[in-house]
Amino acid sequence: MACQAMLIVLVGAPSQYEVEDEDGVQQDVVPHVTFTEDIDSIVTEWLLIRHQAYKVSLAGSLFFAGLLVGNIVFGPLSDKIGRKPVYLTGFFLEVLFGYATAFAPNYEVFAVSRLLVGVMNGGIGLVCFVLSQEYVGKSYWAMTGTLTSMMFAVGIALFGALGYFIRPWRSLATAANSSGVLFLMLSAALPESPRWLYSQGQTERAEEVLRYMALRNGNPTNNLVLQRVGSAKAGNRGDSSASVLQLVIHPVLRLRTMVLMYVWYACSLVYYGLTMGASETSGNRFVNVSMYGLVELPAYPLCIYFINKHWAGRRKSMASFLCLAGSACLCTTLIPENTGTLLSVTSLALLGKLMVSAAFNIAYVYTSELYPTVIRNAGLGVCSMSCRVGGILAPFVPSMRAVHSSMPFTIFCLTGLSAGCVGLLLPETLNGRPIETLDELSPTTTRILETKALLYEDNKWKSNH
């Protein structure tokens with residue numbers, strides 16, 4: 001997924017060129033062009049220069065537009081028909097359209113393939129994350145969520161290294177996409193989410209999956225029986241009221257969704273905005289791509305440490321990292337741009353990206369815990385939709401330097417600080433029982449669950465002291 005997300009950065013790399021007899025050529029006719037750099041990209045193959053140069057950015061925008069569509073469609077679809085079939089279908093189509101990108105005969109086919117890859121990429125990314133969470137107990141959600149985000153950062157770094165060794169853009173696109181074939185075959189052996197099966201009333205199938213997991217873990221058991229709780233009753237096909245509209249109608253879900261949508265929007269705006277700001281530095285583009293991935297890695301051990309501490313938890317950790325990202329952006333406005341010291345604009349921008357990466361990772365884990373299983377993918381899909389809006393707007397923020405040189409970082413600062421404050425309106429989910437149905441979101445049930453979590457923490461503290 002990371003390779004596909006970053007593909008346009010290398011296959012659309014611009015090249016310096018010279019135009020022969022420029023004065024004698026009409027504007028609508030492409031003159032004889034000589035590229036002075038040894039770069040094989042869609043720019044050099046299809047002469048995407050001058051008034052055609054916008055097509056490179058357009059291809060990138062189409063990919064992000066596809067992400068937006070994928071988030072909207074795949075979330076509710078996987079809540080309705082299951083995680084595994086949606087994941088495998090989307091994965092297969094992404095690999096298929098990825099090869100269409102590599103062998104595109106012209107720009108039009110290339111652009112359409114990037115849109116379709118984006119749809120599948122955004123969809124399976126969402127389902128893949130939820131699936132990795134629902135395979136394990138809640139105490140492991142922080143770890144699996146963090147490892148998922150960490151692997152995306154590693155994928156960005158590896159793509160930069162792959163681009164260094166494979167320069168022709170078609171070969172690079174083919175090699176980057178071919179890893180998906182291996183992982184697709186491995187994914188075919190994955191079971192369906194036992195939590196989704198349980199939430200749909202398919203208790204017997206959920207028990208079969210759990211017995212299979214126990215057997216592979218070396219703990220075979222034949223007397224594993226799940227209780228029928230809430231709407232998870234034999235023969236019930238799930239909570240019929242668990243539709244996307246519940247995110248607006250249900251009072252508890254409405255507040256959570258509004259807050260989370262702004263938090264995700266802020267994370268995306270600051271993350272992509274700072275990435276574009278850092279990319280303005282000179283240097284080897286392959287090294288730069290790798291650095292943009294590697295700079296995120298320290299954020300994930302920080303997440304695992306803080307979000308599992310009772311004095312920090314999910315809520316305070318996410319809010320703190322967002323405020324720190326905003327503060328780093330604020331500091332950039334106080335430092336001259338061309339300083340060679342450690343506290344340069346670039347280093348502070350990368351520090352801000354480190355902090356917002358941590359907040360972004362926590363937002364994924366935190367959001368999956370705030371939504372019931374029956375509507376979790378739909379909730380994540382709506383939040384991801386607002387996230388893509390932030391990504392679409394991010395490229396326009398640097399252009400506000402025309403108003404004032406510090407305007408972009410001022411916007412990132414205010415966005416990060418405001419999102420951190422708004423995030424404090426959400427409840428803490430650390431050590432709370434996973435929510436399966438909408439009935440568990442009633443105010444009375446919520447207070448009972450919060451009381452149980454507090455009693456659990458109190459008993460745990462007493463036993464340690």
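Predicted model: local features only at pLDDT ≥ 70, side-chain atom pairs only at ≥ 80, totals over all residues.
Modeller: Local features need pLDDT of at least 70, side-chain atom pairs count only at pLDDT 80 or more, and totals for chains, interfaces and linings use all residues. Residues are numbered from 1 along each chain as its sequence is written, and side-chain values use heavy atoms, with hydrogens and water left out.

Biologist: How are the rings of tyrosine 305 and phenylalanine 306 paired: stacked, tilted or edge-to-face?

Modeller: Rings of Phe, Tyr and Trp (its six-membered ring) pair if their centres lie within 6.5 Å; planes under 30 degrees apart are stacked, over 60 edge-to-face, and the rest tilted. The centres of tyrosine 305 and phenylalanine 306 are 5.2 Å apart and the planes stand at 80°, so the pair is edge-to-face.

Biologist: Is tyrosine 305 buried, partly exposed or exposed?

Modeller: Buried means under 20% relative accessible area and exposed over 50%, with partly exposed in between (1.4 Å probe, protein chains only). Tyrosine 305 has 44% relative accessibility, so this residue counts as partly exposed.

Biologist: Which residue lies over the face of tyrosine 164?

Modeller: A charge sits over a ring if NZ of Lys or CZ of Arg is within 6 Å of the ring centre and within 35 degrees of the ring normal. At 5.1 Å from the ring centre of tyrosine 164, the residue over the face is arginine 167.

Biologist: Which residues form one aromatic cluster?

Modeller: A search of the whole structure finds 20 aromatic pairs. One aromatic cluster is formed by Phe129, Trp264, Tyr271, Phe360 and Tyr364.
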